[in-house]
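Me: I would like to learn how to read a helix pair and a single side chain from a model. Can we take them in turn?

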Amino acid sequence: MTAFHLYKERLKQERQYQWKNTKAVIDWTILVYIVLTLLFVAAMIYDMFPSFIALLQKLPYGLTLIVIYYLAWTGTIRVFYQQADMYFFIHRRDLLHGLKKWGVIASTALNLIKSLLIAILTYFLMEAISPSTLPLFEWITFYLVLFLFITILGKVIDLHWSGWKRKVINFTVFLFLGLLVYLTVVQAMWIESTVLLMLGLIVLFILYLRTESFMVDMAHNEKIRQKYVGMIFYASEYVHVPRSSERTKPLFFRRSQRIIEDRSPHSALTELFFKYLLRNSRHIFSYLKMIGITIAVMGYLPLWMTFGLFMAFFFFLKEWLNIVYDELVGHPFLNMHKGKKLIQEHYQDLVTRWLYYPAVGLVGFVLMLNTLFHFLMR
């Protein structure tokens, strides 16, 4: 067996696994509804495209650039490692190295296609918003190199750091590269930035290929696999697939301390919900991200759209908190108490309101100030 044959076999198994899951939740009637929905959305976008461009022209140029820059962080390198490989191929390290090499080659090819499509589409979008701002060849070349550089840099960061240090480093790199992209576009530093990123790309590729990365790649592969399964089963309301998350030290309540003195079932469940959400950094950052992004976007939108955004936030946050609550009570231990004294159906609104009302109140307060300044500045 060669590494290439092993890679093809793993790729084939992955496709069969995902296809089997897809067929389990989607039949031809759902497929027809999905196609009709996509056609309706495409027709709506086509019809609203001129007004959409007019809206983007009113927004700051940098805001659109940030969204395009954020898309450059969507690349991934997937190596089809499995946990048992460590024992089965203990004397065939060449197969593991070959599997990693073909995974990197295939992922890079996919990332190139993806980044090329994004670069071309965003070029025409920016041309419609602000003509003659971006040179076609320089923009596509720069975006391709930037996309690959960010993808491989994320891999190297995952290899050397974990937990909150990795989040801080990722955030710092995000800001630094964002500044580089802004200066490149504004100051027309296409050649300098592209050469700099290309040199960094080569160094990071060599560093990644020469570093032992089995555990990180294996965990990443499983995470992507579960993500696709979650997306597929998300189409079915009867199947719940919790997101995989790395177990890290909680930021708050490392030592379990009582928050609420009242020990009624409702108070106990509220305290458990607080600790479950605050101990998981994924939930904390998602909660703060939703509030922060909504408030930030409100500053750039026309007044009438901020009210629509507030209504969307009103319903979306409620639904998100309900999902987190369902994750909590979906635990096998708590699941046994559903409908009994500890977990009753009406507890959901009583528990989630402690995080729902403050967030809605804060965003509503910003909306009120935004409305007040809008009429005062006229």
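Predicted model: local features only at pLDDT ≥ 70, side-chain atom pairs only at ≥ 80, totals over all residues.

Reply: From α5, the residues Thr-108, Asn-111, Leu-112, Lys-114, Ser-115, Leu-116, Ile-118, Ala-119, Ile-120, Thr-122 and Tyr-123 meet Leu-136, Trp-139, Ile-140, Tyr-143, Leu-144, Phe-147, Leu-148 and Thr-151 of α6. By class, the residues of this contact are 13 nonpolar, five polar and one charged.

Me: How do the axes of α5 and α6 cross?

Reply: Read the separation and the angle together. The axes of α5 (residues 93-129) and α6 (residues 136-160) come within 9 Å and cross at roughly 140°. Angles over 145 degrees count as roughly antiparallel, so at this angle α5 is oblique to α6.

Me: Which hand does the crossing of α5 and α6 have?

Reply: The crossing is right-handed.

Me: Which side chains does a polar contact join to Arg-78?

Reply: Two entries answer that. The side chain of Glu-14 is joined to that of Arg-78 by a polar contact of 3.1 Å, and the side chain of Asn-221 by one of 2.6 Å.

Me: What else does Arg-78 touch?

Reply: Leaving out residues up to four places away in sequence, Arg-78 also touches Gly-103, Ser-107, Ile-224, Arg-225 and Tyr-228.

Definitions and conventions. Residues numbered from 1 in each chain as written. Heavy atoms only, no water. Polar contact = N/O pair within 3.5 Å; in protein donor to acceptor, adjacent residues only side chain to side chain. Contact = heavy atoms within 4.5 Å. Axes fitted to C-alpha atoms, helices over the stretch in contact; angles between N-to-C directions. Helix = DSSP H or I, 4+ residues; strand = E, 2+ residues; numbered from the N terminus. Parallel < 35°, antiparallel > 145°, perpendicular 65-115°, else oblique. Left-handed = near helix turned anticlockwise from the far one by under 90°. Nonpolar A, V, L, I, M, F, W, Y, C, P; charged D, E, K, R; others polar.
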